[in-house]
Amino acid sequence: MSVILVTGASTGIGQTTSLHLASKGHQVFAGVRSPETAHELKERIKAEGSAVELIQLDVTDQASVDSAVQQVMERAGRIDVLVNNAGVGGGRAVEETPLEEARAVFETNYFGVSRMLLAITPIMRQQRAGRIVNMSSLAGRMVFGCHGHYSAAKWALEGLSEALAFEMAEFNVRVALIEPGSVPTPAWEKGTPPPEDTSYGNSLARLAAWATYTMKNPASTQDVADAVCHAIESETPHFRYLVGQDAIEDVAGRQSVTDDEWIEMNRLQGQDFARRWKQVVGVDYFGADD
């Protein structure tokens, strides 16, 4: 049994992951920003007879992070696994995203992770054992227009995670990245919508068309939880876990062409783009045959 701390556990992926790991016999502390409003998680814990323990944790607040980690150590005496799941979405053009909004995305999706690592890595280093699972995204491997700052934060997380994996290796701590494609989750409701008078309607329409297609057969929160579980329990865990058919297809397509070819493809419009996407990715996401 491992002692596991999951951030962003009130809904979606974090909720399912916390409950799934507890069902496997682990001692799970579910970090939520507001325990008093985490009604859905509490109801599922009660309904499933789960041993998940709620703990107040806001990854954007240093005092909250320090308090949460201290409470887990006092109750369990160690922390074997950290699942950095807390995150926010967002989809706006670079030109139309105020810096304060970009900073807010990074504050949760990158600096929130960094804040947790500063608190947890000394514990795991001294234990000389542990697992760190960082929730990245397909957007950490492939970018659409009007997704720049979210993708940038995930790309930054990917680089941080690889460096961390090297640094923690001598202390028997493994690091993994989970890279889901489309997953129905409340995280996307936390982003700021684009302005109605946007100048980037074509890019937004392309992003929306991609989402519409992939949501016909999305990965589930359970699929993501299964990947997290493998990263924690396997004796030979992977560094990266692509989750969802769209993630697998899109990354394979991206890797099949050069950077220049990829950029040129995405400069195309209308049916020219749709046909080229189908040629590169191998699947008709955008109605090339219409």
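A: Start with strand β2, residues 27–32. The strand is mostly covered, with 5 of its 6 residues buried. Buried means under 20% relative accessible area, exposed means over 50%, and partly exposed lies in between (1.4 Å probe, protein chains only). Helices (H or I, at least four residues) and strands (E, at least two) are DSSP runs, numbered from the N terminus.

A word on the model. It is predicted, with residues numbered from 1 along each chain as its sequence is written, and local features need pLDDT of at least 70, side-chain atom pairs count only at pLDDT 80 or more, while totals for chains, interfaces and linings use all residues. Side-chain values use heavy atoms, with hydrogens and water left out.

Now look beside β2. Strand β1 pairs with β2 in the parallel sense, over 4 bridges. Two strands count as paired if DSSP finds at least two bridges between them. One place to look is Val6, which stands opposite Ala30 in β2.

Strands β5 and β6 also run parallel, and 6 bridges join them. Of the 8 residues of β6, 7 are buried, so the strand is largely enclosed by the rest of the structure.

Strand β5 covers residues 130–135, and Asn134 lies in it. Is Asn134 buried or exposed? Asn134 is buried, because its relative accessible area is 0%. Its side chain still has a polar partner: the side chain of Ser161, at 2.8 Å. A polar contact is a pair of N or O atoms within 3.5 Å; within protein, one must be able to donate a hydrogen and the other to accept it, and residues adjacent in sequence count only if both atoms are side-chain atoms. Neighbours within four places in sequence aside, Asn134 is in contact with Asn84, Val113, Leu157, Ser161, Val175, Ala176, Leu177 and Ile178. Contact means heavy atoms within 4.5 Å.

Arg128 sits in the loop between α5 (111–127) and β5. Its phi is near 55 degrees, a positive value in a residue other than glycine. Most residues other than glycine have a negative phi. Arg128 is partly exposed, at a relative accessible area of 47%. Cys146 is in the loop between β5 and α6 (148–168). Cys146 is not a glycine either, yet it has a positive phi of about 65 degrees. Cys146 counts as buried, at 7% relative accessibility.

Next comes helix α8, residues 221–233. Its 13 residues reach 18 Å from first C-alpha to last, close to the 18 Å expected at 1.5 Å a residue. The expected span is 1.5 Å times one less than the number of residues. Which residues of α8 are buried? They are Thr221, Val224, Ala225, Ala227, Val228, Cys229, Ala231 and Ile232. An α-helix has 3.6 residues a turn, so residues three or four places apart point the same way. The cover over the buried residues of α8 includes β1 (3–6), α1 (12–23), β4 (81–84), β5, β6 (173–180) and β7 (240–243).

Now turn to the aromatic rings. The whole structure holds 11 aromatic pairs. Trp277 and Tyr285 have ring centres 5.4 Å apart and planes at 55 degrees, so their pair is tilted. Rings of Phe, Tyr and Trp (its six-membered ring) pair if their centres lie within 6.5 Å; planes under 30 degrees apart count as stacked, over 60 as edge-to-face and the rest as tilted. Both Trp277 and Tyr285 are buried.

Trp210 is in helix α7, residues 201–214. Trp210 counts as buried, at 11% relative accessibility. Its contacts beyond four places in sequence are Leu138, Phe144, Ser182, Asp246, Asp250, Trp277, Tyr285 and Phe286.

The charged end of Arg206 sits over its ring, 3.5 Å from the centre. That label requires NZ of Lys or CZ of Arg within 6 Å of the ring centre and within 35 degrees of the ring normal.

End at Asp272, in helix α11 (residues 270–281). Asp272 is partly exposed, at 46% relative accessibility. Its side chain makes a polar contact with the side chain of Arg275, at 3.1 Å. Asp272 and Ala288 are 16 residues apart in sequence and 8.2 Å apart in space, C-alpha to C-alpha.
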